[in-house]
Amino acid sequence: CIVEAGCIASRPILFCELCRLLRNLLQNVEGDKNEEFQLNAETYEFFKTFLVPSLSLFPSNPAISTELWSVLRCLPYPTRYRLYEGWRGIGLERAGLSSSSGGKPLPIVLSEIEAGKSARYVLKRLS
């Protein structure tokens, strides 16, 4: 999987193009049906295991988060929050590696550790 390898972090243009493609597809599906639609299992799994967690791999970039939000806002509210819950996962930083459900992919854990170190540095400078 690309998330586990972490190579999507070096391809932000590819990530944005994927988001735009998915947004257009979801808007077409929304426009065709008047009732609320449900994602099929494969698409939901793609969102849960690749698209949403990949945001953690990129350095701070408002354009990437805006592109992801443009896709997520097309989804029903309960689906979005199930994706957010799966993204958070069990454990933060090193504890995410040793969880009983297989843990988080290593690049996600590394980005959490890096963010934690940055936050602790800023808090240390404030005190």
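Which residues does Phe15 touch, not counting residues up to four places away in sequence? With that exclusion, Phe15 touches Ile8, Leu51, Ser54, Phe58, Ile64 and Leu68, where contact means heavy atoms within 4.5 Å.

Before going further, a word on the source: this is a predicted model, in which local features need pLDDT of at least 70 and side-chain atom pairs count only at pLDDT 80 or more, while totals for chains, interfaces and linings use all residues. Residues are numbered from 1 along each chain as its sequence is written, and side-chain values use heavy atoms, with hydrogens and water left out.

Now the overall picture. The protein has six helices and zero strands, helices being DSSP runs of H or I with at least four residues and strands runs of E with at least two, numbered from the N terminus. Buried residues, meaning those under 20% relative accessible area with a 1.4 Å probe and protein chains only, make up 33% of the 127 residues. Of the contacts with a separation of 6 or more, 60% are between residues 24 or more positions apart. The exposed surface comes to about 8400 Å², of which carbon and sulfur atoms supply 57%; accessible areas come from the Shrake-Rupley method with a 1.4 Å probe, and for residues only the protein chains shown count as cover.

Let me return to Phe15, which, with Phe47 and Leu51, has the most contacts inside the largest nonpolar core, a set of 23 residues. Such a core is a set of buried Ala, Val, Leu, Ile, Met, Phe, Trp, Tyr and Cys residues joined through side-chain atoms within 4.5 Å. The elements giving two or more residues to this core are helix H2 (12-32), helix H3 (41-54) and helix H4 (62-72).

How do the axes of H3 and H4 cross? They come within 11 Å and cross at roughly 155 degrees, and that makes H3 roughly antiparallel to H4, since angles over 145 degrees count as roughly antiparallel. The contact is made by Phe47, Leu51 and Val52 of H3 together with Leu68, Val71 and Leu72 of H4.

One of these, Leu68 in helix H4, is buried, with a relative accessible area of 2%. Leaving aside neighbours within four places in sequence, Leu68 is in contact with Phe15, Cys19, Leu51, Val52 and Leu55. Leu68 and Leu22 are 46 residues apart in sequence, yet 9.6 Å apart in space, C-alpha to C-alpha.

Cys74 sits in the loop between H4 and helix H5 (77-88) and is buried, with a relative accessible area of 5%; the C-alpha atoms of Cys74 and Gln27, 47 residues apart along the chain, are separated by 6.8 Å. Val109, in helix H6 (residues 106-126), counts as buried at 1% relative accessibility, and its C-alpha atom is separated by 9.2 Å from that of Ser56, 53 residues away along the chain.

Methods: Buried means under 20% relative accessible area, exposed over 50%, partly exposed in between (1.4 Å probe, protein chains only). Axes are lines fitted to C-alpha atoms, for helices over the stretch in contact, and angles run from 0 to 180 degrees between N-to-C directions. Angles under 35 degrees count as roughly parallel, over 145 as roughly antiparallel, 65 to 115 as roughly perpendicular and the rest as oblique.
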